[in-house]
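Trainee: I would like to go through this model helix by helix, and then look at a few single residues. Where do we start?

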Amino acid sequence: MSSGLLSIAEARARIAEAVAPLDVDSVALDDACGRVLGEEIVAEHDVPPFDNSAMDGFAVRAGSGGRLLLVDESRAGRGAAVTLGPEEAIRISTGAPLPAGADAVVPIERASVEGDMVALDAPAEPGANVRRAGEDMPAGTVVVTAGTPLGPAELAAIAAAGRGTVSCGRRPRVAVLVTGDELVPAGARLGEGQIHNTNEPALAALTRAAGAELVLRRHVGDDADQTRAAISAALEVADVIAVSGGVSVGPHDHVKSSLIELGVEQRFWGVALKPGKPTWFGARGRQLAFGLPGNPVSAFVCFALFVRPALRALQGAAFEPRRGIARLDTSVQRSRDREQALRVTLDARADGLFARPTGAQGSHVITSLLGADALAMIAAGDGQAARGDEIEIELL
């Protein structure tokens, strides 16, 4: 590892120490997707709330066979009006309440109907094709725990449990500042020495994808007074500031000094990461500030590795990112003193999960992000990581 540089794990530990989860909001279920649950959800009733049929068919008494008299129908939303008697059957739909007196369902494929009589292929076993009340969620059981990110599956479970609103961690307010005299807006005509501002739309999109609220987005020139004013304005409105560029030690790098002058305490500067070595992190009270590299791939990777888990943790989720194991599909040259975060596609095969780099991996090669499923974390060292070697991956 390079002298004075933190490992990725050490840098993350310092960020995690500075994270204090935000308060919670009451959120309608329809607006909760992507949020982090701030309470424990308990089933308010049995799910399903009544015994019901798993199939379209006929509700019967177990052991009944031969020809039975059809006496009623149980439909979804409207149960049968009569109690099932001996030698009787009730037509039933999937999900419909099991009639009183019945304890089995014969599928429609195993019966034939003639007028008001139904003939069964064979007697039904007790409980056949019946879903019992509380089989999925008994009343009073914990359905979803606090700290869970809410997706469609969690929302369905919470709705089934009887809840229409939930408490969720407040969305962090984020300011994205992008520095550089050479930058012009996307779509603008390029002049001499100019490039399009790619970090601003990318970091804004990453912020929203992490469930945060983008409250400020600004391009800042390489000027000390302008940089300080922009950061000061960001600190007035944001829980988290992400600044790209200007964090090194050149004569036009003013981010680090401006943050410190404005009362942001430096927690680290420099990570043994490729790309992303000059990453800076600090805190002012509960506010967090990230100084990200200016190269577009470096900014993207460092946001994914450091900012995104902090934004999720502020909402009450676990800080630890989702990591897994894959095998390299091709050999990769190691970096002697820095861990590499390669952009890779993943391919699930019969003999395992394989990771293949998306192409050239330079910190300026924006196309290396296209189609990337994950970051492959290649440990520092000499020589190559060989094809077939197991590596850690972090999903994007």
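Mentor: We start with a cut-off: a residue counts as exposed when its relative accessible area is over 50%, and as buried when it is under 20%. Keep in mind that this is a predicted model.

Trainee: Which exposed residues does the face of α2 turned away from its buried side carry?

Mentor: Take the buried side to begin with: in helix α2, residues 152-160, it consists of Leu155, Ala157 and Ile158. These cover an arc of only 165° around the axis, which puts them on the same side of α2. The face turned away from that side carries two exposed residues, Pro152 and Ala153.

Trainee: What do the buried residues of α2 pack against?

Mentor: The residues in question are Leu155, Ala157 and Ile158. Their packing partners are strands: β2 (41-42), β11 (142-144) and β12 (165-169).

Trainee: Which glycine takes a positive phi just after α2, and what is the value?

Mentor: Helix α2 covers residues 152-160. The glycine just after α2 is glycine 162, and its phi is about 105°.

Trainee: Why do the buried residues of α3 line one face of the helix?

Mentor: The general point is that an α-helix has 3.6 residues a turn, so residues three or four places apart point the same way. In α3 the buried residues are Asn199, Glu200, Leu203, Ala204, Leu206 and Thr207. Seen down the axis, they line one face because they fall within an arc of 160°.

Trainee: At what angle do the axes of α3 and α6 cross?

Mentor: Helix α3 spans residues 199-209 and helix α6 spans residues 296-314, and their axes come within 10 Å. An angle under 35 degrees counts as roughly parallel. That is why α3 is called roughly parallel to α6, with a crossing angle of roughly 10°.

Trainee: How do the residues of the contact of α3 with α6 divide into nonpolar, polar and charged?

Mentor: From α3 come Asn199, Leu203, Leu206 and Thr207, which meet Pro296, Ala299, Phe300 and Phe303 of α6. The division is six nonpolar, two polar and no charged.

Trainee: Is the crossing of α1 past α6 left-handed or right-handed?

Mentor: The axes of α1, residues 8-18, and α6 come within 10 Å and cross at roughly 25°. That makes α1 roughly parallel to α6. As for the hand, α1 passes α6 in a crossing that is right-handed.

Trainee: How many charged residues are in the contact of α1 with α6?

Mentor: Ile8, Ala11, Arg12 and Ile15 of α1 meet Leu305, Phe306 and Ala310 of α6. Six of the contact residues are nonpolar and none is polar, while the number charged is one.

Trainee: Is leucine 305 buried or exposed?

Mentor: Leucine 305 has its place in helix α6. Beyond four places in sequence, it is in contact with Ile8, Arg12, Leu273, Ala341, Leu375, Met377 and Glu394. With a relative accessible area of 0%, leucine 305 is buried.

Trainee: What is the relative accessibility of serine 53?

Mentor: Serine 53 lies in strand β3, residues 52-53. Leaving out residues up to four places away in sequence, serine 53 touches Ile92, Ser93, Thr94, Gly95, Ala96, Val105, Asn129 and Arg131. Serine 53 counts as buried, because its relative accessibility is 0%.

Trainee: What distance separates the C-alpha atoms of glycine 245 and proline 296?

Mentor: Glycine 245 is in the loop between β17 and α5 (255-261). Its contacts beyond four places in sequence are Thr179, Val255, Leu292, Pro293 and Gly294. Proline 296 is 51 residues away along the chain, and the C-alpha separation is 9.4 Å.

Trainee: Where does histidine 254 lie?

Mentor: Histidine 254 counts as buried because its relative accessibility is 15%, and the cut-off is under 20%. Outside four places in sequence, histidine 254 is in contact with Asp222, Asp223, Ala224, Thr227 and Gly246. Its place is the loop between β17 and α5.

Methods: Residues are numbered from 1 along each chain as its sequence is written. This is a predicted model: local features need pLDDT of at least 70, side-chain atom pairs count only at pLDDT 80 or more; totals for chains, interfaces and linings use all residues. Side-chain values use heavy atoms; hydrogens and water are left out. Buried means under 20% relative accessible area, exposed over 50%, partly exposed in between (1.4 Å probe, protein chains only). Helices (H or I, at least four residues) and strands (E, at least two) are DSSP runs, numbered from the N terminus. The arc is that of the directions from the helix axis to the C-beta atoms. Contact means heavy atoms within 4.5 Å. Axes are lines fitted to C-alpha atoms, for helices over the stretch in contact, and angles run from 0 to 180 degrees between N-to-C directions. Angles under 35 degrees count as roughly parallel, over 145 as roughly antiparallel, 65 to 115 as roughly perpendicular and the rest as oblique. Ala, Val, Leu, Ile, Met, Phe, Trp, Tyr, Cys and Pro count as nonpolar, Asp, Glu, Lys and Arg as charged, and the others, Gly among them, as polar. A crossing is left-handed if the near helix is turned anticlockwise from the far one by less than a right angle, and right-handed if clockwise.
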